[in-house]
Amino acid sequence: MEAIPERNGHSRTAPHGRLTPAPRPLPVASREPVTLTVDQVAALGDRLRANIAGAVRMPAEVLEVVLATVLAGGHLLVEDHPGVGKTQLARSLARSLDGRFARVQATVDLLPSDIVGANVWRADTGAFEFRPGPVFANVVLVDEINRATPKTQSGLLEAMEERQVTVDGESRPLPAPMVVIATQNPAAGYDGTYPLPPAQLDRFLSLVSLGYPTADQEVELLRAGPEPPATAVTEPERLLAAQEAVAAVHAADPLLRYVVELLGATREHPLSEVGASPRAGLLLLAAARARAALNGRAFVLPDDVQALALPVLAHRLQRTAAAPASANEEIVEDALRQVRAR
């Protein structure tokens, strides 16, 4: 896949079997590290919230999950039917964050090397040269990820978890921050899709669905026409500083115990074949810290955990064979009802 530069240094991909990096270099970290307070993180969240809401009509609670995911340093999976604004959300978020942006359109013939890059022989130098793939960006949009084959989907595993890729035995670090925003259509009823395996789903901090707009929102959409594009409201260095500030938000021991008991409740539920893992607890806590910072607090409340438990935990669970399709959500909701907040 060839990475073709877009305006403002962004890039997209085209199916030509050749990789060409976008011309603008990745942002270089400031000589003096940027540090942000919790109040500054909340102000940054306000700017991101207003910027994205002006470009995409979406439920306010979904936007809060999106912002918490990004500030927690996680990756986002957007699942819904075609035409409800999944790609528009991803593009608006990417433009708001600035930095290097790359888009990959997943197809059945997409190869792992089309994402991570490959060593290419150069006859003029008599040596191999590494051509980076689209994953070498600050924001990577993987559109319709479940149309790629499992082999190609697995090419993202190391990049998403380790923030590096290994090609021909050599590991190469990815730029920081790096956020993967993937979209997918529901697998049921769509030919040519490959459901993401549990290991791949576990790499996404949260899964959200936009849903259809209300009748009034849809009338307004038809009246207004295409939404205006989002503009950059921050830069990679400040986003990285915001993520570091979020990681320092205090979580008391009773709250940690509350998270652990929630995880245990999902494992013991009668509809659960495989419950939430310890990694799920770490990511839930990270998202809760981000939500606290977005609200200007330097400490986590049970409310933060409860607000994010469903989008963070539900897609990681494996229900029993006889369980209904809605069992994952039911398991998390039952756990929230059964476990007492501390």
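I count a residue as buried under 20% relative accessible area, as exposed over 50%, and as partly exposed in between. With that cut-off, Asp 98 is partly exposed, because its relative accessible area is 27%. I note here that the model I am reading is predicted.

**Entry 1: the whole chain**

I looked up the overall make-up first. The protein has 13 helices and 13 strands. Of its 342 residues, 49% are buried. I then checked the contacts in the protein that have a separation of 6 or more, and 75% of these are between residues 24 or more positions apart.

**Entry 2: backbone angles**

I went back to Asp 98 for its backbone. Asp 98 sits in the loop between helix 3 (86-97) and strand 4. Its phi is near 60°, which is positive, and the residue is not a glycine. Most residues other than glycine have a negative phi, and most peptide bonds are trans, so I write down the exceptions.

Asp 168 goes on the list too, with a positive phi of about 55° although it is not a glycine. I found Asp 168 in the loop between strand 8 (164-167) and strand 9. Is Asp 168 buried or exposed? Asp 168 is exposed, because its relative accessible area is 66% and the cut-off for exposed is over 50%.

For peptide bonds, I noted the one from Ala 176 to Pro 177, which is cis, with omega near -5°. Pro 177 belongs to the loop between strand 9 (170-173) and strand 10 (179-184).

I followed strand 5 (residues 117-122) and strand 6 (residues 127-132), which run antiparallel and are joined by six bridges. Opposite Ala 118 I found Arg 131 of strand 6.

**Entry 3: rings**

How many aromatic pairs does the count come to? The count comes to two aromatic pairs. One is Trp 121 with Phe 128, an edge-to-face pair at 5.1 Å centre to centre, with 70° between the planes. Trp 121 counts as partly exposed because its relative accessibility is 48%, and Phe 128 is exposed because its relative accessible area is 59%.

Phe 130 and Phe 136 also form an edge-to-face pair, 5.7 Å centre to centre, with 65° between the planes. Both Phe 130 and Phe 136 are buried. I also found Arg 172 over the face of Phe 130, at 4.0 Å from the ring centre. Elsewhere, the charged end of Arg 297 sits over the ring of Phe 299, 5.9 Å from the centre of that ring.

**Entry 4: two loop residues**

I looked at Ala 106, in the loop between strand 4 (101-105) and helix 4 (113-116). Ala 106 counts as buried because its relative accessibility is 2%. Which residues does Ala 106 contact, leaving aside neighbours within four places in sequence? They are Asp 143, Glu 144, Ile 145, Arg 147 and Ala 148. I also checked Val 142, which is 36 residues from Ala 106 along the chain, and the C-alpha atoms of the two are separated by 6.6 Å.

Asp 202 is in the loop between helix 7 (198-201) and strand 11. Asp 202 is buried, because its relative accessible area is 13%. Its side chain makes a polar contact of 2.6 Å with the side chain of Arg 279. Another polar contact of 2.6 Å joins the side chains of Asp 202 and Arg 316. Not counting residues up to four places away in sequence, Asp 202 touches Ser 277, Arg 279, Leu 283 and Arg 316.

I took helix 10 next. Helix 10 has 16 residues and reaches 23 Å from its first C-alpha to its last, close to the expected 22 Å. Its buried residues include Leu 255, Tyr 258, Val 259 and Leu 262. Among the elements that cover the buried residues of helix 10 are strand 12 (272-274), helix 11, helix 12 and helix 13.

Helix 12 (residues 302-313) has 12 residues and spans 15 Å from first C-alpha to last, close to the expected 16 Å. Among its buried residues I listed Pro 302, Asp 304, Val 305 and Leu 308. The cover over the buried residues of helix 12 includes helix 2 (60-71), strand 11 (206-208) and helix 10 (253-268).

How values were computed: Residues are numbered from 1 along each chain as its sequence is written. This is a predicted model: local features need pLDDT of at least 70, side-chain atom pairs count only at pLDDT 80 or more; totals for chains, interfaces and linings use all residues. Side-chain values use heavy atoms; hydrogens and water are left out. Rings of Phe, Tyr and Trp (its six-membered ring) pair if their centres lie within 6.5 Å; planes under 30 degrees apart count as stacked, over 60 as edge-to-face and the rest as tilted. Buried means under 20% relative accessible area, exposed over 50%, partly exposed in between (1.4 Å probe, protein chains only). A charge sits over a ring if NZ of Lys or CZ of Arg is within 6 Å of the ring centre and within 35 degrees of the ring normal. Helices (H or I, at least four residues) and strands (E, at least two) are DSSP runs, numbered from the N terminus. The expected span of a helix is 1.5 Å times one less than its number of residues. Contact means heavy atoms within 4.5 Å. Two strands pair if DSSP finds at least two bridges between them. A polar contact is a pair of N or O atoms within 3.5 Å; within protein, one must be able to donate a hydrogen and the other to accept it, and residues adjacent in sequence count only if both atoms are side-chain atoms.
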